[in-house]
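Please keep both in view as we go.

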Amino acid sequence: ASTASAALRGHVVTFRGNPFLMPPNDALVDEPDGLVIITDGRITHAGAYGETIAHLPAGMPVTDYRGCLISAGFVDTHVHYPQLPMIAAYGEQLLEWLERYTFPTERRFADETYATTIARQFLDELVRNGTTTAAVYCTVHPQSVDAFFGESTRLGTLMVAGKVLMDRNAPDYLRDTAQRGYDESRRLIERWHGRNRQHYAVTPRFAPTSTPEQLELAGALLKGDDSLFMQTHLAENRAEVAWVAELFPDSRSYLDVYDRAGLVRPRSVMGHGIYVDEHDLCRCHESGCALAHCPTSNLFLGSGAFRLFDVMDAKRPVRTGLGTDVGAGTSLSHLQSMNEAYKIAQMTGKRLHPVQAFWLATRGGAEALHLDDRIGAIAPGMDADLCILDPRATPLQALRARMCDSTADILFTLMMLGDDRSIRATYVAGRTVHERGVAETAT
Ligand code: GUN
Ligand code: ZN
């Protein structure tokens, strides 16, 4: 995909710090009449329109998004593209949901043509929702990874993804072996990791579906290459946690199962982490591994309430992003993730500030992936992955917007009322990949 140049005028919002560690309004960079100049896919200038306009290259048109917010694109730190066709599957909690709906759906990704079709639709949906980077689970089939990275390369998106490793406690049609999983992952790393904007994540599904040997070999894949990612699930559901304690009686905790295999390190992303203790959180903090908070999924599967404000405790903050976790999650919109995160915080007696929520969806996700030098903020030198948010996307939202007297309140109404209709446009490496109302193709 080619890179591009552009200039965008609108209400620019981004971050100068972590709003869980400083007053939220001090962490926010707020430019009500801002200009962002993009050259060859990178941001070269960003600031007040009146000052920044002097840097506009001769002949470059300015796209007028006044009335809309210009934000860094959303970062989805945990999502399963093969589960798109089974989103909203009725009636079960985690372990039964996997058996009844997930495994049969993932079986179809042995067919690379099918995988390519779903990968394309998934990426279309992501950018329709303003998400420009995601950490993505494929299936156990290596061709599901080729399909995904192939489509992401076409679109030009920065993605993290990998082949699921599963050598026990799964149907035989979805199992690899420790050695085969290792060999296939190795080949995929060589083919895709660091090519264009694609990044590989070693992806053991979760402790119950991998033997200790497979987890060891996952650690061996990572060893000596700090640029590789690792993603898995951690302590999502009470029955799952009890099962892991049975399967790994020698481990101190669920996190410790991964730690012993060398999987707890920078660029490791643990989905959920609801049932973790203080010891685990200290270990996450010191190791640089991250948690992906997946609010719509945790509510949909009845998994439990993520302790966001414990996790972000200033004495040992853990890198944390937001994940949609589709298909257990019920929306690819991070506005909806923020909506449900707010409600989970309310249920636990805490108040999630809109600046904190938007930070989690952008900069926090980028820091969780150790990609904050490239994405997650609007500043010179950053990749031009942006989303344009319309606070007046519906008549009701327009009515509510008239009551807004601060940027924080505009952000709050967007996160509580917004969805894909709120995404006026999405830019990937400076190129428009989505524009609301403009020729959306059905697949
Ligand atoms: N734990 C293991 N596999 C999965 C999955 O596909 N989705 C969720 N939400 N949890 C899991
Ligand atoms: Zn998941």
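## Two domains

The centres of domain 1 and domain 2, taken over C-alpha atoms, are separated by 28 Å. To their contact (heavy atoms within 4.5 Å), domain 1 gives 36 residues and domain 2 gives 38 residues. Domain 1 covers 6-73 + 377-435, while domain 2 runs over 74-368; such bounds come from an automatic or database domain assignment.

A word on conventions: this is a predicted model, in which local features need pLDDT of at least 70 and side-chain atom pairs count only at pLDDT 80 or more, whereas totals for chains, interfaces and linings use all residues. Residues are numbered from 1 along each chain as its sequence is written, chains are lettered from A and ligands numbered from 1 in the order in which they are written, and side-chain values use heavy atoms, with hydrogens and water left out.

## The zinc site

Which residues hold the zinc ion (ligand 2)? His78 (NE2), His80 (NE2), His233 (NE2) and Asp325 (OD) coordinate the ion at 2.0 to 2.2 Å. Donors here are N, O and S atoms within 2.8 Å of the metal (3.2 Å for Na, K and Ca); water is not among the atoms, so sites may look incomplete. Along the chain, the donors of the zinc ion (ligand 2) are spaced as H-x1-H-x152-H-x91-D.

The angles among the four donor atoms of the zinc ion (ligand 2) are 90 to 165°, and the site is irregular. Four donors count as tetrahedral if all angles lie between 85 and 135 degrees; four count as square planar and six as octahedral if opposite donors are over 155 degrees apart and all others between 65 and 115; anything else is irregular. Both His78 and His80 are buried, that is, under 20% relative accessible area, where exposed is over 50% and partly exposed lies in between (1.4 Å probe, protein chains only).

Helices (H or I, at least four residues) and strands (E, at least two) are DSSP runs, numbered from the N terminus. Helix H4 (residues 112-128) has 17 residues and should span 24 Å at 1.5 Å a residue, which agrees with the 24 Å between its end C-alpha atoms; the expected span is 1.5 Å times one less than the number of residues.

Among the buried residues of H4 are Tyr114, Ile118, Phe122 and Leu126. The buried residues of H4 pack against several elements, including strand S5 (74-80), helix H5 (142-155) and strand S16 (431-435). At the N-terminal end, Asp111 caps H4, with a side-chain oxygen 3.0 Å from the backbone nitrogen of Thr113. Just after H4, Gly130 has a positive phi of about 80°.

## Backbone details in the loops

Most residues other than glycine have a negative phi, and most peptide bonds are trans. Asn169 has a positive phi near 50° and sits in the loop between strand S8 (164-165) and helix H6 (178-192). Asn196, in the loop between H6 and S9, also has a positive phi, near 50°.

Is Asn196 buried or exposed? Asn196 counts as exposed because its relative accessibility is 55%, whereas Asn169 is partly exposed at 36%. A cis peptide bond, with omega about 5°, links Val326 to Gly327, and Gly327 belongs to the loop between strand S13 (319-322) and helix H13 (334-347).

Definitions and conventions:
A polar contact is a pair of N or O atoms within 3.5 Å; within protein, one must be able to donate a hydrogen and the other to accept it, and residues adjacent in sequence count only if both atoms are side-chain atoms.
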